[in-house]
Amino acid sequence: MSYWDFTRSPASVHLLVEYGREHGLTSTQLLARSGLSLMQLSDPNVEVTAAQELCVTGNLLRLLKRPAGLGLEIGTRYHFSVYGVWGYGLISSKSGLEALALAVRFLPLTFAFTIITVHREAGLIHLRFGAPDLEAHLQRFLVERDMAAAAILLSEITSGKFALERIGFEAATPSLHNHRMPAKVYGASPDFGANANCLVFRETSLQQALPQANPLTAAMCEQMCKQLMERRRIRVGTSTMIRQYLNAIPGDTPADLATMARMLNASPRTLKRRLQEEGTTFSRLLAQSRVNLAQELMRDKSLTLTDIADQLGFSDLSSFSQAFKRWLGVSPRAFRNDASAR
């Protein structure tokens, strides 16, 4: 199962927007291109796609200049109550081990973008976080956030009676001026340049009965998780999923058919066939996505045409101008002047 296959609660996007607003950003800036409104983030009946959350995440990182360690800072805000019925199912489980088993079984109900797996070895549990196939700065943020959020959950489930033996990051050591990186996370110093992104802890730390265990509540939450999984399974066309992804990633991020096929667990040939059956092609979807982003960026008067060309991945302004005129029949300068005159 992939995070692309399920919708999710708006709680995580709401948390990201609140963090951005605390740091001087506006909800309009943070929700740009996501198709979401601030009102929707407070509606428990609204479901968002992984692409929409990824879009808001990308906006936040871009506006805050992509600081390393931000994922660890934000991840500590993901308390069990953020996850709704999934979180309450964990905290009402009989033991930490049963909570972990339930957590892994219903991972699509979380906000994780990493591939989370559990490995046991010599009395230790290794919780590993496979990095998503995304741009480097997004990948790092999501790995850090998912790992910090998991550590918070483990601590809350056990009422603080939890300590890590080791926390490893594949990424290199962050810059020294980065104040967000904690010296220790639940008793363990971060180990950078590790073989895997992982949280390592003793199995015995999850064997004791949980203080808030309630068999009836746990059983009810598990049943509700099953129903929610089925309801949130995405049933949309291939072209719709690709549009969502292309709208979520920055304009200068390389995107090709092979990469998209890998993300959707299909071969390039199969993906091409599915798109043909839906009356479109990947190159057509990619071009439309760039047109939409170009038009949106053109409305931002603080950006020069050179800035916009850079954000769209063009090597120079001339190449961008030629492409823009081919897309819309007018030059970027004429488009911007016409928009200002309205």
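I take a nonpolar core to be a set of buried Ala, Val, Leu, Ile, Met, Phe, Trp, Tyr and Cys residues joined through side-chain atoms within 4.5 Å. The model I examined is predicted.

**Entry 1, cores.** I looked up the largest nonpolar core and found that it holds 64 residues. Within it, W4, I74, Y78, W86 and I242 touch the most other members. I noted a separate core of 22 residues, which includes M147, A150, A188 and F192. I then listed the contacts of Y78, leaving out residues up to four places away in sequence: S12, L15, L16, E53, Y83, F111, R145, A149 and I152.

**Entry 2, sheet.** I traced an open sheet of five strands, ordered β1-β2-β5-β3-β4, and recorded its pairing as mixed. The edges are formed by β1 (115-121) and β4 (190-192); each has a single partner strand, so one side of each is left without a neighbour in the sheet. Between β1 and β2 (residues 124-130) I found seven bridges, and the two strands run antiparallel. I116 stands opposite F129 of β2.

I searched the whole structure for cavities of 30 Å³ or more and found one. The volume of the largest cavity is about 290 Å³. I asked which residues lie nearest its centre. Of the 24 lining residues, these are W86, L107, I116, A150 and L153. I noted that α5 (85-91), α6 (96-105), β2 and α7 (136-157) each supply at least two lining residues. The largest share, seven residues, comes from α7.

Key
Residues numbered from 1 in each chain as written. Predicted model: local features only at pLDDT ≥ 70, side-chain atom pairs only at ≥ 80, totals over all residues. Heavy atoms only, no water. Buried < 20%, exposed > 50% of the residue type's maximum accessible area, 1.4 Å probe, protein only. Contact = heavy atoms within 4.5 Å. Pairing = 2+ DSSP bridges. Helix = DSSP H or I, 4+ residues; strand = E, 2+ residues; numbered from the N terminus. 1 Å grid on protein atoms, 1.4 Å probe; cavity = no way out; pocket = protein on both sides within 12 Å on 5 of 7 lines; lining within 4 Å. Points joined across faces, edges and corners; volume = space filled by probe spheres on them.
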